[in-house]
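Q: I'd like to learn how to read a model like this one. Could you walk me through a few of its features?

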Amino acid sequence: MDIFAFFNTLLWPIKQAIEAILVGFHTLLTALGMDSGAGLTWVLSIVGLVLVVRAALIPIFVRQIKSQRKMLEVAPQLKKIQDKYKGKRDQFSREAMQRETMDLYKKAGTNPFASCLPLLIQMPIFFGLFTVLNEANQGRAGVGLLNQDLATEFGKASLFGVAPLHDSIQSAAAGDPVEVVVIIIAVVMVILMTASQFITQLQIMSKNQSPEMKASPMYRQQRILLYLLPLVFAFSGFAFPIGVMFYWLTSNFWTMVQQFIVIRNMPTPGSEAALAREARLAKKRRASMSDDAAMLEEIVEEPKKVQRQQPVGKNRSKKQGGRR
């Protein structure tokens, strides 16, 4: 079995699920009155597919955050172990250092590879989706619900009636008759993909890193990736069909919003985002206390009712004078 057959076998159940979700959204949108062969119908189906896939990965993303928190908690102890064996190159010292490090991870209930789990899970999904959309863009049937008729329909679909979903900037550069609208849409999407990726990484690097993490070599490596990864997205985006780029762009926007929510509500302890969250919570507590104090003051210090003095009549006044 060659490597391609192995990957096809591995991606087969993933492609089955992807086609089921994609065709399900397409059927729903068609039932709502949208044109079955319109490019917009298929684009919205791709967007729906992204939302379902990314929502299903939320528990894994939460697990990743918890693993990262535990890694930060054990960072001081890990540094002590590294300092303990610093400069020792013999095999006994290396084995002892590795054993103590693994024991530390075991006690903390985490490991360095746990944070990579969501990425490792998403990669087969992305490759499966890329294969499904690429084959459908070429009019080839899928392995599940995406039959030949739907695949042909998808392959002929055009956005706004002039931008086929199977076209890319690369096909234009190769001399294929691609409209100017296709190039404009593809370039705009590449720019948005690159910008969203950069913003996502920037908000993590600038707001959600503790001082200890910023002083580590890993932080310097992440700073390099901050500028390198968007360039990878920019250059690779020119080779992808518009239909595939819609998945990529929607997924990037999901990641950007998801990171913003996480950094705002579950920031890394000691980071700039954590200090900002503490300041917001303190402000809310002060506002709540001042409101309660104002209500209490209104209850306790009610204006006292002044008793009205009754007028004294003339006859009564004379009687009182006679008594004197």
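Q: What is the mean pLDDT of the chain?

A: This is a predicted model, and the mean pLDDT of the chain is 76, with 77% of the residues at 70 or more. Among the elements, helix 2 (residues 39-56) has the highest mean, 89, while helix 13 (residues 314-323) has the lowest, 52.

Q: How many helices and strands does the chain have?

A: You will find 13 helices and 2 strands. Of the 324 residues, 34% count as buried. For contacts between residues at least 6 apart in sequence, 70% join residues at least 24 apart.

Q: What span should helix 2 have, and how far apart are its end C-alpha atoms?

A: At 1.5 Å a residue, the 18 residues of helix 2 should span 26 Å, and the end C-alpha atoms are 26 Å apart, so the two agree.

Q: Why does Thr-41 count as buried?

A: Thr-41 lies in helix 2. Its relative accessible area is 0%, and Thr-41 is therefore buried, as the cut-off is under 20%. Leaving aside neighbours within four places in sequence, Thr-41 is in contact with His-26, Leu-29, Thr-30, Met-34 and Asp-35.

Q: How does Ile-183 count by its relative accessibility: buried, partly exposed or exposed?

A: Ile-183 is in helix 8 (residues 180-207). This residue counts as partly exposed because its relative accessibility is 31%, and that class runs between the 20% and 50% cut-offs. The C-alpha atom of Ile-183 is 9.1 Å from that of Asp-167, 16 residues away along the chain.

Q: At what angle do helix 8 and helix 11 pack?

A: Two packed helices are described by the angle between their axes and the distance between the axes. Helix 8 and helix 11 (residues 242-265) pack at about 25°, and their axes are 9 Å apart.

Q: Why do helix 8 and helix 11 count as roughly parallel?

A: Angles under 35 degrees count as roughly parallel. With an angle of about 25°, helix 8 and helix 11 are therefore roughly parallel to each other. Their crossing is left-handed.

Definitions and conventions
Residues numbered from 1 in each chain as written. Predicted model: local features only at pLDDT ≥ 70, side-chain atom pairs only at ≥ 80, totals over all residues. Heavy atoms only, no water. pLDDT = per-residue confidence, 0-100. Helix = DSSP H or I, 4+ residues; strand = E, 2+ residues; numbered from the N terminus. Buried < 20%, exposed > 50% of the residue type's maximum accessible area, 1.4 Å probe, protein only. Contact = heavy atoms within 4.5 Å. Expected span 1.5 Å × (residues − 1). Axes fitted to C-alpha atoms, helices over the stretch in contact; angles between N-to-C directions. Parallel < 35°, antiparallel > 145°, perpendicular 65-115°, else oblique. Left-handed = near helix turned anticlockwise from the far one by under 90°.
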